[in-house]
Amino acid sequence: MKVKDFMTKKVITANENEKIRDVVLRLRERNVSGVPVLNNDGKVVGVFSESDVLSQLPDILNEAEQIPLIDVKELTDAPVKTIMGKPPITIGPEDSLKKAAELFLTKFIHRLPVIENDKLIGIISLGDVLKAFIENEKYD
């Protein structure tokens, strides 16, 4: 089983200079938890996810009394490139789903941009891989 057979071809992306707020709103609108981030040349330069935003928030449960109020506008006005995961971990369309699964497990990530000839052609998620294995499992 190959990545190209299970990847999503219509990829929602962000530009590295977009405001965090705008990209988070797009994630919510499209019901996805992360997107590849492109530079102005269309090259994948990172991956942005909800967990990148959460990692920027102080530990409000453990240090609530010592933390000043967070300026959400200031936090979300910053460009995506300031908190995105980089360098991006990517995969090719001809790679196996096993390789994708290994990357998910060893790199602790949930999505992989699919790159061919330095261009983004798709994305595959952990859910896509799990679904592929379940659908192709032989049950007795």
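At 22% relative accessibility, Arg26 counts as partly exposed, a class that lies between buried (under 20% relative accessible area) and exposed (over 50%), as computed with a 1.4 Å probe on protein chains only. Arg26 forms a salt bridge with Glu18, and the closest N and O atoms of this pair are 2.4 Å apart; a salt bridge here is a side-chain nitrogen of Lys or Arg within 4 Å of a carboxyl oxygen of Asp or Glu. The model is predicted, so local features need pLDDT of at least 70 and side-chain atom pairs count only at pLDDT 80 or more, whereas totals for chains, interfaces and linings use all residues. Residues are numbered from 1 along each chain as its sequence is written, and side-chain values use heavy atoms, with hydrogens and water left out.

**Overall architecture**

- The protein chain has five helices and five strands, where helices (H or I, at least four residues) and strands (E, at least two) are DSSP runs numbered from the N terminus.
- Along the sequence, these elements follow the pattern β-α-β-β-α-α-α-β-β-α.
- Of the 140 residues of the protein chain, 31% count as buried.
- Among contacts (heavy atoms within 4.5 Å) between residues at least 6 apart in sequence, 57% join residues at least 24 apart.

**Salt bridges**

- A search of the whole structure finds nine salt bridges, among them the bridge between the side chains of Glu94 and Lys2, with an N to O distance of 2.9 Å.
- Glu94 lies in the loop between α3 (72-77) and α4, and Lys2 lies in the segment before β1 (14-15), so this pair ties together parts that are 92 residues apart in sequence.

**Packing of α4 and α5**

- Two packed helices are described by the angle between their axes and the distance between the axes.
- The axes of helix α4 (residues 97-107) and helix α5 (residues 126-135) come within 10 Å and cross at roughly 135 degrees, the axes being lines fitted to C-alpha atoms over the stretch in contact and the angles running from 0 to 180 degrees between N-to-C directions.
- That angle makes α4 oblique to α5, because angles under 35 degrees count as roughly parallel, over 145 as roughly antiparallel, 65 to 115 as roughly perpendicular and the rest as oblique.
- The crossing of α4 past α5 is left-handed, a term used if the near helix is turned anticlockwise from the far one by less than a right angle.
- On the α4 side, Leu97, Lys98, Ala100, Ala101 and Phe104 take part in the contact, and they meet Leu126, Val129, Ala132 and Phe133 in α5.
- By class, this contact of α4 with α5 has eight nonpolar, no polar and one charged residues, where Ala, Val, Leu, Ile, Met, Phe, Trp, Tyr, Cys and Pro count as nonpolar, Asp, Glu, Lys and Arg as charged, and the others, Gly among them, as polar.

**Backbone features in loops**

- The peptide bond from Lys86 to Pro87 is cis, with omega near -5 degrees, and Pro87 lies in the loop between α3 and α4.
- At 69% relative accessibility, Pro87 counts as exposed.
- The C-alpha atoms of Pro87 and Gly46 are separated by 5.5 Å, although the two residues are 41 residues apart along the chain.
- Asn31, in the loop between α1 (20-30) and β2 (34-38), has phi near 60 degrees, a positive value in a residue other than glycine, and counts as exposed at 70% relative accessibility.
- Phe108, in the loop between α4 and β4 (111-116), has phi near 55 degrees, again a positive value in a residue other than glycine, and counts as exposed at 71% relative accessibility.

**A position in α5**

- Lys131 is found in helix α5 and is exposed, with a relative accessible area of 52%.
- The C-alpha atoms of Lys131 and Phe6 are separated by 9.0 Å, the two residues being 125 residues apart along the chain.
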